[in-house]
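Subject: Structure handover

Hello,

Here is the structure you were expecting. My notes follow below it.

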Amino acid sequence: MGRLHAEEMILNMGPQHPSTHGVLRLKLRTDGEIVSHIEPVIGYLHRSFEKHAENLEYQQVTPFCGRCDYLAAMGSEHGYAMAVEKMMGIELPERVEYLRVIFAELQRIASHLVAVGTFGLDVGAITPFIYCFRERELILDLFEMASGARLLYNYIWIGGLAHDIPPGFVEKTYEFLDDFDKRIAEYNQILTGNKIFVERAADVGVLTPEVAINYGVTGPSLRASGVNIDLRRTQPYSIYDRFDFDIPLGEGAQGTIGDSWDRYYVRVREMEESAKIVRQALDQLPVEGDVKSAVPKRIRPPKGEIYFRSENARGELGYYIVSNGKNVPLRVKMRSPAFSNLSVINEIGHGWMISDVIAILGSLDIVLGEIDR
Amino acid sequence: MSYFSNITNAITTLVDGMKVTMGYFVRPREHVTLQYPDEVWPIPSRNIGVGELDSYNTIRSKLTVNIDDCIGCKACERACPVNCIHIDAYKGTPEDNLQITSNGTQVKLLTASFIIDMSECMFCDLCTPPCPENCITMTPDYQFISNDNLKTEVTPEERWRDKNLLIYQFSKVSEDERQRRKAEAVEAAKAKAALMAAKKAAAAKAAEEKAALAAQVAESAPVSAEPVAEVIATPVETVKPEAETRVDIPIETITVSKPEESTVSVSDSPVTEASETPPTKENENG
Amino acid sequence: MIQSLANWILSFEVLSGLGSSVAWGLSLFVVSALIFVFVAANAIILVYFERKVSAFMQVRLGPMRVGKFGTLQTVADALKLLQKEDIIPRSADKVLFIIGPWIILIASVVTFAAIPFSDSLLAANMNIGLFYIVSISSIVVLGIVMAGWASNNKWSLYGAMRSAAQVISYEIPVGITLIAVVAVVGSLNLQTIIQAQGGTGNLFHWIPIPLPNWFIFHSPFLFLAAFVYLIGATAEINRTPFDIPESESELVAGFMTEFSGLRWALFFLSEYANATLVAFLVSILFLGGWQSPFSNYAGAQIGFTIITLVAAMWTVFVKAKVNRLSIYPVGLALIITIAAWLFPGFAIWLASPGIFWMFMKAGSIIFLLMWFRWTFPRLRVDQLMYVSWKVILPLSLINLMGVAVWMWLTGEIQF
């Protein structure tokens, strides 16, 4: 009997797939169930954000920033506004800084809720996804109260905010925070400790610190590997140095440090920490202050360039802005954290089964809008 | 023995999870579904108004314009990032009877056509703050469905290209008036262009004659060092692209110790400041 | 049952001219149609209940618009599926593509011929009833592999391969567990198995709590066997946490991806038919089938009183502490108790065996299956195999030996 001819099968997890968090194409070379090589193909959601920005005035670029990372739009707008303000040397009133921190952290909670929920969905647990989105709806209601929109805000303007918060916002936020801690306990009960979930996620796709730093991974995925870099602590911007919060690191509680379970659990812990920050900011919120007082009439930064980095929900969001003195930027480049996070998928994904590749992709938490810009 | 502890751990955690879902199953009244359109989520509605309450806003949906207050300044058209507002404003004549807005401003331009293309609008709300009269606002009317065309005769093509229903025309000026004004404006522009062209031609002709005269003079006179080109060519400024200066962003040195210790030391480097590039040299007559 | 129906047909004046074999054939046809109608109607009701149960567990409402509380939703879905375009991929294996779903459905439906719905409602009283069911239901995997291969789609092939491996591996522990039950009764006939579970007895033969004589209370080994069988059967029918062949988030729909319209409806039907079959089997083998938990009407009255007391204590001591008081369980139990005491006829009905109890038990097992599906993530295919070969199989072997030893200890068998 002759030998059977066996070869690798090239499988296409195409742009349309329930689990690839957007229009991402993964070319998998598999031998049976084991994947030997993963090649991500991106560009299906490219909308020329950086080219648009060359023709728009500075304040008109803000809504476009939100549309890149649509799950964490406040964070994107925040980073951009801070970059331009630093170029122009604008001093912000205290109230604006506190409100911005509140919105950025609420947005971080909302984004992590999506990440946690969709990770559960990828491994088959459908119910925690619905629970996470129920909480997210409460946050989106808060955003709707303040800015008028649920997902894409154009709220954090250069030099301030678009509107002041309405009466009743602070009370509603406190209500949400009081409810939220119980919910996190619920997620831990139904998903985090679940043996099947642990079997699916622990020891899968271990990302060592060296590999992570070499590939430029930032954010919760990096901290899950044990590397203690959080831009809110290492290079505090805005008023983050006034708040007391921990930086959760991956400890390998259910497996090795840096596996998918760690990446998931770091996000759950980060939600708790963000809730702490919001509570402190609400307690310290100054009642006086006009949110529009520092918004300049004409935004014309002096000639020069700046690279400003902030800690988005996914990692280090960087804006490199070049100005030639006009009211239209010469160049805006966005360093998207999800792009660098995705680049590591082949390194940690090869050698695992197809189901594991999906779990690893879910744990990296990518948003294609940000990757493709 | 870890085999057995695995099994018992599995059973405990699974039963824990089942308790959560059972808890929700027996309390169906805590559902979060809103049965639209019977139940509608209350929109946070605050008086948007003007004056001291104009820093609040309702939810951002369809745009509306109070055309009586519009002075035709096109501030909203300039502010829109996607160019979805198209305004035609012409100089007002006495027979137009232009009104005074509710803020007391005398309207000087006739806004013949104020079109907002809602299918292009991205609901960013950048058009409402620049308006000096506060006449353009975003309303909380989020339902873009209309039952009107179910009753009237709509051709299948019109129904397919529903986009027409989304182009809002706010000006109350009649269509004939609009066309007339537009035609007038086109005529005026043509006339102006013709005038400019004539002036340019005349200037060019005059310069040519002068050059011919000067050439004649230069033939008979000794060669002077006067540059002839100075008369003819108007100085054209060409802007050279700015000299790029490389700004070296210092790379942070990170030392990584073994994963168990998880200590990372980061050398401090401030955020790169914008460095002033030297002023560019603009070229004088090439 | 077929014979009695044939006799009934012949008893009519008008139809007595028919020969007995014709009448027998006619009644055979009627009974088969009844079974098929039962399976279809059952699927329609179960789809509705699955959607409602999953919705309530996920703090939402489920179908509410079509019919009052969405009761006609499945009918609307079925009508929609029937009028869909029948798409067969050009490079698909046409013959296998067409007969694959039918094989799965036929294999699932045919097993219902051996299920006793009550002491008289049984289509085919076979001496090898259990063996028949197990062997016919393993044809399902043939249909799945056919469907996966014929789709000419790598993803479907993955699903089909996984399903084949999974179903075949779980056949063994399931079979051994069933043998443990058969060892207690001594017969493969399902009616005999149910009839052996009548009356009341002690819990685990020695603990003096009066419980019905169901096999789940017979010995700790059979108690364990019930759960082992439930897990194995969940894997047999491709339901979460073992639904890797049709895992929605990984393979879109696994081996069912290329099928649309009526063909997909056949898959769906067969999935719910299988789930119902498993539920019926669990209730027949371990929970006493159509036997009532109460042996006589006095037992019914006393039994329900105890249930009301237990529910009241549970509400007061456990639920009140977590602020989740609800009077519905206690209220319901109280109403039934009062009715049982006031109307002896009602108590007698409660104590008599019948199709009501069968459906109650099967319904609660189906609810348990749905509860599993919406709470747990899914196991990866190699973890699935690990559970089958290294956990479930040793447990079922221990069950078999343990049951034999137990029966020797309690004196049911002598060596």
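Among contacts in chain C between residues at least 6 apart in sequence, what share joins residues at least 24 apart? The share is 75%. Two residues count as in contact if their C-beta atoms, placed from the backbone, lie within 7 Å.

Some ground rules. This is a predicted model: local features need pLDDT of at least 70, side-chain atom pairs count only at pLDDT 80 or more, and totals for chains, interfaces and linings use all residues. Residues are numbered from 1 along each chain as its sequence is written, while chains are lettered from A and ligands numbered from 1 in the order in which they are written.

**Chain C**

Chain C has 16 helices and 2 strands. These are DSSP runs numbered from the N terminus: helices are H or I, at least four residues, and strands are E, at least two. The C-alpha trace of chain C spans about 70 × 65 × 60 Å along its principal axes. Of the 415 residues, 44% are buried. Buried means 20 or more other C-beta atoms within 10 Å of the residue's own, with C-beta atoms placed from the backbone; exposed means 12 or fewer, and partly exposed is in between.

Look at helix H9 (residues 220-236) of chain C. In H9(C), 13 of the 17 residues are buried, so the helix is largely enclosed by the rest of the structure. C:Asn238 follows H9(C) and has a positive phi, near 60 degrees.

**Contact with chain B**

Chain C gives 13 residues to this contact and chain B gives 14. On the chain C side, helix H2 (20-57) and helix H15 (355-375) are the elements that give two or more residues.

**Confidence in chain B**

Chain B averages a pLDDT of 70, and 65% of the residues score at least 70. pLDDT is the predictor's confidence in each residue, from 0 to 100. The pLDDT is below 50 over residues 224-286 of chain B. That stretch has 73 contacts in the model beyond near neighbours in sequence. Where pLDDT is low, the predicted coordinates should not be read in detail.

Best wishes

Key
The expected span of a helix is 1.5 Å times one less than its number of residues.
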